[in-house]
Amino acid sequence: TPNKYPTSEQFQDLMRSLGISNEDTVVAYDDHHGIFASRLIFLMEYFGHEFSKLKILDGGIVEWKNKGYTITKKNTSKPARSNYETKSAMEGIIVSCSDIFHNVIQKADPDIVLIDTRPEKEFKGEKKRTTRSGHIPGAINITGQDAFNYDKSHKYLTLDIVAKSFKNIKKAPRFIYIVTVPIALLMRMSD
């Protein structure tokens, strides 16, 4: 299913097949405002790759092309298989539906803030992309779009501008559960 994460073994095999080693600095990019690149970076950190060696190309391939830099259609030569080793997954970074139900819906932990980063129309149930439309009760909508310039550049907004999206959160949260990765990654990179 599209929103499930790979197992440690699956991810390790992928990294090995791509020739990526644990010592490599990885720069990820895409053509969709960093959404897919940030998911890769999240998974790499989740499975133990050193965070300081994980980067996202600001603006992705779109900004690269806008700058007039070289693009090729030639296949990249297949790298030699690496000995990439995943480490144990980061505990507590992924939560279950049961955790959310217990802590947020049943209000077992009042310090948790649930942020849904899907577009506003999906959050409000006006656009249906899944089996049900709408959002989890108590969630706050701060869209992933609040992190990007939706102009021709696809570049990230500054942290000061992104931080304004959080101005309506009334309490200093102990935990924030975020539905998609780009906002979470920006928050992580600001640490």
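**Before you start.** This is a predicted model: local features need pLDDT of at least 70, side-chain atom pairs count only at pLDDT 80 or more, and totals for chains, interfaces and linings use all residues. Numbering runs from 1 along each chain as its sequence is written, and side-chain values use heavy atoms, with hydrogens and water left out.

**Stop 1: the whole chain.** Colour by secondary structure. The protein has 7 helices and 5 strands; these are DSSP runs (helices H or I, at least four residues; strands E, at least two), numbered from the N terminus. Along the sequence the pattern reads α-β-α-β-α-α-β-α-β-α-β-α. Of the 191 residues, 35% are buried. Buried means under 20% relative accessible area, exposed over 50%, partly exposed in between (1.4 Å probe, protein chains only).

**Stop 2: the cavity.** Select D30, H32, H33, G34, I56, L57, G59, G60 and H154, which line the largest cavity. A cavity is a set of points on a 1 Å grid over the protein atoms alone where a 1.4 Å probe fits but cannot get out; lining residues have an atom within 4 Å of a point. The space in the largest cavity is about 40 Å³, a volume being the space filled by probe spheres set on the points, which are joined across faces, edges and corners.

**Stop 3: salt bridges.** The structure holds 7 of them. The rule is a side-chain nitrogen of Lys or Arg within 4 Å of a carboxyl oxygen of Asp or Glu.

- Select D13 and R81. Their closest N and O atoms are 2.4 Å apart. D13 sits in helix 1 (residues 8–17), and R81 in the loop between helix 3 (60–66) and helix 4 (97–105), 68 residues apart. D13 is partly exposed, at 41% relative accessibility.
- Next, select D58 and K155. Here the closest N and O atoms are 4.0 Å apart. D58 lies in the loop between strand 2 (54–56) and helix 3, and K155 in the loop between strand 4 (140–141) and helix 6 (159–164), so the pair ties together parts 97 residues apart in sequence. D58 is partly exposed at 32%, and K155 is partly exposed at 29%.
- Now take K67 and E63, which pair at 3.8 Å, N to O. K67 is exposed at 51%, whereas E63 is buried at 11%.

**Last stop.** Which residues are linked in a network of salt bridges? Select D116, R118 and E122 to see that network.

Methods
1 Å grid on protein atoms, 1.4 Å probe; cavity = no way out; pocket = protein on both sides within 12 Å on 5 of 7 lines; lining within 4 Å.
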